[in-house]
Amino acid sequence: MKSIDKKIKRLVEDNQVKTITLDVFDTILMRKVWPEDQQFITVADKWLPYFREIISPEITRDKLYSWRQYARDELFRAQYELSTERQESNGEFDVSLELWFGHLIDLMINIYAVKLLLSERKRLLDTMIAIEMEVEKESLKPNIALIKTIRSIKHNNPDIKVYFLSDMYLGSDEIKELLGHFEIDIFDNGVSSMSVGLTKHSGGMFYGVHKTSVLDESFSIFDNLHIGDNEHSDHKMARQAGSMAFLYHPYRFRRLRTKIGSAKVALVRRSM
């Protein structure tokens, strides 16, 4: 970690960096479980009593997990078809938790042929979102070493601004809630792909924050250092847009973690 600290600080010093952008998940906030589907299964387990009480006692955890994935895919297809009909070239979108989980509720209502009052639907939706955020907080831990590095850079360079850029279905405010929960105070602002409709994966987010004032009116990608763990989204696309980039690999055992987690998810899928 000391070598990483030195490399980042050297990049800042040698290149007259004015801003730093950071990926969030598996860079600043580390996932304890992988792949993410394991977390979705945990959430479905916590949702289950509420769905059984309000919609049907026949609902199972695995059905909720499966239909959660289907609901998002269906919304993506609908948005893609709409953008194609309008001949929109962007094609970058994500769905908010409110839209995603609301659609899941509506699917389950239709499957089990029940009726809900609007107040009941809203109460269930609010509970689902609260549980999602609760499990996120339980499943994450702050990357203390990297946070200390960024704090040190800001202390020694008070004019440097730090922002987060995240390809994530959570909105910018929801990510700020997670950062606040872990008392991470290094960021001046930040955006998620869900909130701005642009992704790092395509490069659109890097160009977008450069051309607009969504982060700060004075932000320039050409004076920026981006740090993240994804070789394509956080390194290749950042550099292609004109930013300096540092590829951050925090997990020495990422492959083992992924292999074990994938095996657990596969067991659930086979049981459906």
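Contact here means heavy atoms within 4.5 Å. The model is predicted: local features need pLDDT of at least 70, side-chain atom pairs count only at pLDDT 80 or more, and totals for chains, interfaces and linings use all residues. Residues are numbered from 1 along each chain as its sequence is written, and side-chain values use heavy atoms, with hydrogens and water left out.

Begin with the whole chain. Its secondary structure comes to eleven helices and seven strands (DSSP runs numbered from the N terminus: H or I of at least four residues for helices, E of at least two for strands). Of the 272 residues, 49% count as buried (under 20% relative accessible area, with exposed being over 50%, for a 1.4 Å probe and protein chains only).

Next, select helix α2 (residues 37-54) together with helix α5 (residues 118-139). Their axes lie 10 Å apart, at an angle of about 155 degrees; α2 and α5 are therefore roughly antiparallel (an angle over 145 degrees, taken between N-to-C directions of lines fitted to C-alpha atoms over the stretch in contact). Display the side chains where the two helices meet: α2 contributes residues including F40, W47 and F51, while α5 contributes, among them, L124, M128 and I131.

Then move to helix α10 (residues 231-241), where S233, D234, M237, A238 and A241 are buried. Viewed down the axis of α10, these buried residues fall within an arc of 110 degrees, so they line one face of the helix (the arc is that of the directions from the helix axis to the C-beta atoms). Finally, turn to the face of α10 directed away from its buried side, which carries the exposed residues E231 and R239.

Terms used
Axes fitted to C-alpha atoms, helices over the stretch in contact; angles between N-to-C directions. Parallel < 35°, antiparallel > 145°, perpendicular 65-115°, else oblique.
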